[in-house]
Amino acid sequence: MRGISMPTHDYARFAHAYISQPRGASRGLGDVLSLALTTRAYTKVVLRLRAQAESEAKWITRLREEHVRTCSGCSPPNQATKAGGEERQAPSPSSSSPHHDASKANGHARQPSSSGGSMSSSSGTSSCACPLPRPSFQSPLFRPNRAALLRVFVPSPDGTWLSDVSVEECEAELRRSATGAVKLLRAGDVVWDIALGDEGNIGRMVWDGGYLVDLDYRYSRLGELSPYFHSLAFPPSYFHRVIRIGASAGHNPQANPIVYVDVSPWGQEIARNLQLLQERGKAETPHGALHDVVLWVHRSSFKIHPPPTTDHSRVHSHLREHFPHLVPRSERRAIPNLPGYFIDPNWYGTVVVEVEGTQEGLSDLQDRCGPGVFPPRPEAITGIAKGVDRRRIWRVIREKSRPGEIWLRVVREKERVTW
């Protein structure tokens, strides 16, 4: 209970007291060892909670598969079922059966929904109003479809900027958390060296599957996700409130997070939908004040289509919602040009991209669509993000995004932080 009840700032206080004492002194060593054990136990609990939630999801999958096999309303209408040695057609949604009639009489018939109510007739399966079991896992320490925030306690003599030696010690602490704990880690898990304090993202790193990767500080003083990761493999809100976002009055007043998406596979579609539009926004004066102004923006969109619907799509709907990595690969769409990586289902739908309505902004967007999509242009335009990595940088516009429609804004080179 100490890992939950103890204020997070107390960890940094004990670590600072231990480091600031004269060399050779061992005062406070017992507290440091105790706090290290506390964070190991906390990490082990979080990993076990995630394993518990995934185990529940797998159990519900087996229940759903058994239900689909036994329920006549879930059987495909074009397949005949044998009963008593005779073949009979499975009942259609409009046909009456004791189960469905009782459900309608009691007012419990459910409308078709994407999460477990029905399958469309075009997919070759019939509708079924039977309620399917859904996950009930809840915990304040871990939320499904969110990055796990794990803790280590490694006092750093180099201050808030961890050296290579301190990062290696953090990796060693993860291995000491429990036997086999490293096997439970997953790419995208955030590891927090809580000994450095609770200000911003100090001490937070991201596990890439084998090592800890530091945050990127080029476009935010608090730090953002490293370009080493492919954002399409994670939900758009995967790191929300786990990696804190810093607001900037000029470039990022709404504290929108950075993502890394290569849109070149959809370049032709972006070119077809490209428009120059006018909208209201905010502009910063030289004195730092914000004023409402009318802005021009270049805006386009493209669609990320989900894989074709199968008979098991309804069975795995709860996995796509909470644990998409457990969905079979046959029901997932691969990220173009990245073998072995799959698009998270939360990206399926329309993706709207926009950039400021200037010639430089248009050239930047055209550059991101890949070669051959737009006619060649002179290279004298300044402010364009050069390099492959910089052409992948976007910000998610949270106030406009919703399920099935994600808004992205181009991150320009002029937004780079100057230290």
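Residues are numbered from 1 along each chain as its sequence is written, and side-chain values use heavy atoms, with hydrogens and water left out. Because the model is predicted, local features need pLDDT of at least 70 and side-chain atom pairs count only at pLDDT 80 or more, whereas totals for chains, interfaces and linings use all residues.

The protein chain holds nine helices and twelve strands. These are DSSP runs numbered from the N terminus: helices are H or I with at least four residues, strands are E with at least two. Of the 419 residues in the protein chain, 44% are buried. Buried means under 20% relative accessible area, exposed over 50%, and partly exposed in between, with a 1.4 Å probe and protein chains only. Contact means heavy atoms within 4.5 Å. Among contacts in the protein chain with a separation of 6 or more, 65% come from residues 24 or more positions apart.

Helix H3 spans residues 29-70 and includes Thr38. Thr38 counts as buried because its relative accessibility is 12%. Its side chain reaches the backbone oxygen of Ser34 at 2.9 Å.

Strands S3, S4, S5 and S6 form an open sheet in that order, with mixed pairing. Two strands pair if DSSP finds at least two bridges between them. Strand S3 (149-152) and strand S6 (212-214) are the edge strands, each pairing on one side only. On average, neighbouring strands of this sheet are turned by 35 degrees against each other, direction ignored. Here axes are lines fitted to C-alpha atoms, for helices over the stretch in contact, and angles run from 0 to 180 degrees between N-to-C directions. Within the sheet, S4 (residues 190-193) and S5 (residues 204-207) are antiparallel and share three bridges. Val191 has Met205 in S5 as its bridge partner.

Helix H5 covers residues 164-176, 13 residues in total. From first C-alpha to last, H5 reaches 18 Å, close to the expected 18 Å at 1.5 Å a residue. The expected span is 1.5 Å times one less than the number of residues. Ser166, Val167, Cys170, Glu171, Glu173 and Leu174 are the buried residues of H5. Seen down the helix axis, they fall within an arc of 155 degrees, so they line one face of H5. The arc is that of the directions from the helix axis to the C-beta atoms. Exposed residues Asp164, Val165 and Glu168 sit on the face of H5 turned away from its buried side.

Strand S11 (residues 393-396) pairs with two other strands. It runs antiparallel to strand S7 (residues 258-260), joined by three bridges. Ile258 stands opposite Arg395 in S11. Three bridges also join S11 to strand S12 (residues 405-410), again antiparallel. Trp394 has Val410 in S12 as its bridge partner. Ile393 and Arg395 point one way from S11, while Trp394 and Val396 point the other way. All of these residues are buried.

Helix H9 (residues 359-368) is mostly covered, with seven of its ten residues buried. Gly361, Leu362, Ser363, Asp364, Leu365, Gln366 and Arg368 make up this buried set. The buried residues of H9 pack against strand S9 (290-304), strand S10 (349-356), S11 and S12. Just after H9, Gly370 takes a positive phi of about 95 degrees.

Key: A polar contact is a pair of N or O atoms within 3.5 Å; within protein, one must be able to donate a hydrogen and the other to accept it, and residues adjacent in sequence count only if both atoms are side-chain atoms.
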